Amino acid sequence: MIALRYGAGSQVRRDDPAMRAFRADRFGQFVHWGLYALPAGTWKGRTIDFAAEFLMHSAHVSRKDWAALAAEFTLEGFDPVEWARTAKAMGARYVTVTTKHHDGFCLWPSAYSDFTVAATPSGRDVLGEIIEAYQAEGLAVHLYYSVLDWHHPDWRYALETDDDRAAFDRYLEFATDQLVELAERYPQVRGFWFDGTWDASVKANGRWTCEIERILKERIPGAIVNSRLRADDLGARHFDSNGALMGDYESGYERRLPAPWDLSVTAHDWEACATITQATWGFHDSAWADSGRKSPAQIVEQLAQTVSLGGNLLLNFGPRGDGSLVPAEVELAREVGAWMDVNSAAVHASGPANGWEYPGWGFYTAPLEPADASDTPAEPAHGAGVVHAVVTRIPVSGVLPVELPPGVEVRSIRALADGADVPFTVLDGRSLRIPAPASAGMPVVFALELGAAGDDPALREPNPDVALV
Ligand code: JFZ
């Protein structure tokens with residue numbers, strides 16, 4: 001064990017009500033919105049096939065030219081209530097919204113910057129309106145904050161000179177002021193999602209990452225903070241130099257997921273973030289952005305894989321420059337939502353099905369243990385209750401083989417889509433064969449009703465020696 005002042009410390013896996021709620025939510029909406037949505041990937045007639053929120057950097061736009069975009073941020077199509085309703089209807093239970101991305105533009109009227117919504121024609125507190133709209137729909141809100149800042153003159157990538165160090169200290173003071181300001185203005189948020197923390201300057205400031213996490217949790221008890229914020233004394237990120245997770249959940253999975261059989265990730269909380277587009281988070285108005293657009297079935301498949309491995313999925317939306325949602329994203333949200341209307345039992349308040357091995361044709365999920373089950377987050381025993389099988393790949397054989405954990409038996413199988421009983425064959429007490437469903441275009445979910453092997457309730461006689469109470 002290396003002695004660390006700014007590592008994970010003695011932190012155990014959180015299991016308080018806020019953390020349980022976050023874990024049970026499983027599906028969140030990411031929103032990337034800022035000035036970059038106006039040029040949407042094209043600067044002075046040149047389209048750059050790269051993330052739209054990087055345009056200032058990739059097109060070498062000066063601070064001054066970029067700041068001039070604020071005059072065009074007119075909110076003509078901005079309807080946060082519609083955003084929130086779209087997210088809710090999709091089955092998302094929380095939203096993570098960019099307050100300030102790498103370009104430094106703030107969606108709230110920060111007292112510490114003149115590059116904010118206060119300098120736009122409407123002057124409205126866009127962030128406050130977004131938070132209010134989502135909370136009115138019952139969704140929790142997390143605030144994304146980029147530490148990397150292309151606008152602030154004191155930002156440094158690396159700390160090579162005393163001047164760099166002095167400038168970056170000033171920058172971190174500014175960031176602290178802004179984060180405290182966010183926590184004080186919007187105390188009803190559930191968490192903070194840090195980004196832009198990979199540069200040498202931040203890695204040399206593990207102390208700040210540790211302190212800001214503490215400061216935010218002092219202001220908002222139970223606040224949930226992602227691991228991407230954190231560096232330790234030696235510059236290790238996400239996990240400290242002793243291998244312990246920093247922050248409350250791992251946020252390293254970006255546009256990728258752990259392997260479906262890698263149950264080691266169930267040891268800690270994690271969240272993956274995904275784009276609907278190939279690779280742009282901010283709205284990018286070009287064929288490039290559209291060409292890799294995922295289908296609703298692909299999103300649902302990622303969601304099922306995520307839940308089966310004990311993670312959350314944050315699905316990104318990039319509204320257009322006027323604030324309106326991209327029609328293709330609204331349509332996708334509607335289709336995912338139609339699936340969730342019927343099948344959300346396999347997602348919300350669900351997690352890994354312990355003892356059930358990855359079957360290859362899909363994913364198993366099981367209900368999370370209720371809060372009062374025990375003081376510690378015990379491994380749920382899946383010899384009783386239900387396991388959901390999300391069928392994402394139909395074998396050419398037309399058969400779904402199921403290997404049961406020892407001591408578990410399947411009493412019946414029901415399709416969530418129509419409640420119909422699904423016939424199955426028991427081979428040797430440990431394995432089943434289910435006829436594969438016809439391809440429905442979207443993953444099919446079967447609820448496997450379980451019992452302990454040899455414990456058929458129909459055959460169970462009351463024990464005369466036990467008083468029935
Ligand atoms: C970052 C941002 O640069 C990007 O604009 C977006 O906000 C996204 C959610 O986060 O991009 C990253 C961060 C980390 C990795 C890749 C892109 N990574 O760990 O592979």
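**Exercises on the ligand pocket**

The second largest pocket of this predicted model has a volume of about 250 Å³.

**Exercise 1.** Find which residues lie nearest the centre of the second largest pocket, and describe its lining.

*Solution.* Step 1: count the lining, which comes to 17 residues. Step 2: pick out those nearest the centre, namely Ala51, Glu53, Phe54, Glu254 and Trp281. Step 3: sort the lining by class, giving 9 nonpolar, 3 polar and 5 charged residues.

**Exercise 2.** State what takes up the space of the second largest pocket, and list the residues around the ligand.

**Exercise 3.** Give the distances from oxygen atoms of the ligand to polar side-chain atoms of His101, Tyr144 and Arg228, then say how much of the ligand the protein buries.

*Solution.* Step 1: apply the cut-off for a polar contact, a pair of N or O atoms within 3.5 Å. Step 2: for His101, a polar side-chain atom is 2.8 Å from a ligand oxygen. Step 3: for Tyr144, the distance between a side-chain N or O atom and an oxygen of the ligand is 3.4 Å. Step 4: for Arg228, the corresponding distance is 3.3 Å. Step 5: take the ligand alone, which exposes 450 Å², and note that the protein buries 72% of that.

Notes
Residues are numbered from 1 along each chain as its sequence is written. This is a predicted model: local features need pLDDT of at least 70, side-chain atom pairs count only at pLDDT 80 or more; totals for chains, interfaces and linings use all residues. Side-chain values use heavy atoms; hydrogens and water are left out. A residue is near a molecule or strand if one of its heavy atoms lies within 4 Å of it. A polar contact is a pair of N or O atoms within 3.5 Å; within protein, one must be able to donate a hydrogen and the other to accept it, and residues adjacent in sequence count only if both atoms are side-chain atoms. Accessible areas come from the Shrake-Rupley method with a 1.4 Å probe; for residues, only the protein chains shown count as cover. On a 1 Å grid over the protein atoms alone, a cavity is a set of points where a 1.4 Å probe fits but cannot get out, and a pocket is an open set with protein on both sides within 12 Å along at least five of seven lines; lining residues have an atom within 4 Å of a point. A molecule sits in a cavity or pocket if more than half of its atoms lie within 2 Å of its grid points. Grid points are joined across faces, edges and corners, and a volume is the space filled by probe spheres set on the points. Ala, Val, Leu, Ile, Met, Phe, Trp, Tyr, Cys and Pro count as nonpolar, Asp, Glu, Lys and Arg as charged, and the others, Gly among them, as polar.
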